[in-house]
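Here is a short briefing on a structure for you to browse alongside the text. Have the sequence and the 3D view open as you read.

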Amino acid sequence: MDAPHYDRASQAQGIVHFGLGAFARAHLAWYTDKALNAGENGWLITGVSMRSPAVGEQLNPQDGLYSLTERSADGECTRVMGAIREVLLADADRQRIVDLIASPDCHIASFTVTEKGYCRRPDGSLDQSLAAQGFYPLLGEALARRHASGLLGLTLLSCDNLAHNGRVLEKLLGEWLAAHQPQATGWFAHECTCPETMVDRIVPAMTAANLDEAQALLGDVRDEGAIFTESFSQWVIEDRFAGPRPRWEEHGAQIVADVAPYETAKLRMLNGAHSLLAYCGLAKGHTYVHQAIADPDLRTLVQRLMLDEAAPTIRTAPGQDLPAYAEALIARFENPALQHRLAQIAMDGSQKLPQRWLAVLAERQAQGLSSTAIMRGLAAWLRHVRGDNGPVDDPLAADLEAASQQPDTAAMIRAIVGPGGLVGSPWHPSDDEIAQLQTALGEAR
Ligand code: CS2
């Protein structure tokens with residue numbers, strides 16, 4: 001089994017990463033581990049968990065080491081990863097986290113805090129009271145310290161599935177600094193950068209049974225931090241770094257001038273199809289992505305969403321082949337070894353659907369085009385937030401559930417995605433579209 005070839009004890013901690021869930025361990029940490037194995041120095045990662053001590057409790061007793069197993073129908077391939085130095089907890093280790101980010105060794109702060117971790121209001125502005133519970137206070141304090149000590153700016157790398165994730169982070173962090181560290185705002189604007197990124201790797205949440213499987217694969221060694229993922233991985237990063245960085249591009253990452261074509265295709269096709277499979281698949285009694293994509297009705301629906309509805313809204317980069325992309329995505333969804341739960345994807349729909357479906361609906365509505373696959377998905381989501389598939393895991397769950405109990409379904413739809421509605425929607429349904437959704441909803445009532 002492949003293991004780190006580099007000396008971990010002598011490496012500086014060049015990256016502080018917020019939100020060290022399974023995805024970051026299979027993506028940013030995987031690329032960084034490859035760079036360290038190739039002889040680069042100074043890029044160990046400090047993980048920061050915002051609330052739950054679980055990841056620290058898994059990884060710290062193992063000195064940050066964990067195994068990553070790529071799984072497909074053809075077999076498995078396991079590697080031990082060494083890029084994570086330690087995992088700290090936002091509240092308990094506050095001073096140490098600020099010191100690390102404010103240290104001259106640190107060049108990158110990165111984020112996989114999920115869509116809701118950015119604390120945006122439906123109008124796109126920063127919700128200051130939510131933000132006070134998130135990464136903003138730590139980062140703001142550390143940036144102010146860097147500014148005061150005349151250090152280089154940082155690269156702030158959002159690795160979340162948000163449209164224009166870099167610009168969003170830059171704007172929101174700017175709002176935080178303006179309110180709390182106004183002296184650092186000019187320095188932040190000139191010396192720090194927030195590159196856009198497209199991140200892609202399917203990483204199911206590990207279950208207790210998966211950890212037992214990992215133990216068997218590892219020759220009876222228990223790894224509480226084990227990860228299962230697919231062999232595919234993609235990372236497209238805007239070439240806009242504030243200072244030094246690992247040469248991730250030597251290990252498969254693409255550093256490009258414009259991330260938007262890749263990001264839009266990924267959000268609207270991969271993630272859009274995922275959400276469709278999740279809500280329609282759960283409604284039909286499926287549990288896993290590979291089961292839902294094997295359902296001929298859902299497979300046709302996913303193809304329609306990707307090729308007929310999303311693809312025409314995507315401005316492609318030279319050489320970007322969307323039909324081939326759609327085919328490759330379906331093959332990835334079919335991977336039976338991943339056991340990717342639909343319920344995991346169904347979480348946080350209010351935060352995910354604006355960039356996955358609603359932006360497509362808005363663009364197509366402006367062109368007078370209807371989008372029957374997305375509309376069916378939306379009806380399935382409205383039933384989901386009504387509680388049809390069980391408890392709803394979403395930061396807006398209580399409000400969505402209350403809105404979805406209204407007997408007048410047109411009013412319900414407007415309260416959720418209409419102007420000033422609960423979800424920051426770039427699309428507001430026309431009367432015709434409301435009637436379509438009502439029909440789709442009525443079919444299930
Ligand atoms: C999924 C994503 O849970 C979800 O919403 O659509 O996590 C997806 O697996 C990744 O973005 C793939 O890169």
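Helix H10 and helix H16 (residues 372-385) have axes that come within 9 Å and cross at roughly 55 degrees. That angle makes H10 oblique to H16, and their crossing is left-handed. This is a predicted model, in which local features need pLDDT of at least 70, side-chain atom pairs count only at pLDDT 80 or more, and totals for chains, interfaces and linings use all residues. Residues are numbered from 1 along each chain as its sequence is written.

**Terms for the helices**
- Helices (H or I, at least four residues) and strands (E, at least two) are DSSP runs, numbered from the N terminus.
- Axes are lines fitted to C-alpha atoms, for helices over the stretch in contact, and angles run from 0 to 180 degrees between N-to-C directions.
- Angles under 35 degrees count as roughly parallel, over 145 as roughly antiparallel, 65 to 115 as roughly perpendicular and the rest as oblique.
- A crossing is left-handed if the near helix is turned anticlockwise from the far one by less than a right angle, and right-handed if clockwise.

- Helix H6 (residues 136-148) packs against helix H7 (residues 165-180) at about 70 degrees, with the axes 10 Å apart.
- H6 and H7 are therefore roughly perpendicular, and their crossing is right-handed.

- The surrounding residues (C-beta atom, placed from the backbone, within 6 Å) are Asn-161, Asp-200, Arg-201, Ile-202, Asn-271, His-274, Gln-344, Ile-345 and Lys-352.
- Helix H10 (260-283) and helix H14 (342-346) each give two or more residues to this shell.
- Domain 1 (8-256) and domain 2 (260-444), with bounds from an automatic or database assignment, both contribute to the shell, so the ligand lies between them.

**UniProt annotations**
- An unreviewed UniProt entry places "domain: Mannitol dehydrogenase N-terminal" at residues 14-249, a span with 33% helix and 21% strand.
- "Domain: Mannitol dehydrogenase C-terminal", also from an unreviewed UniProt entry, covers residues 258-406, where the chain is 68% helix and 0% strand.
- UniProt positions follow the numbering used here, feature names are shortened, and annotations may be inferred rather than shown by experiment.
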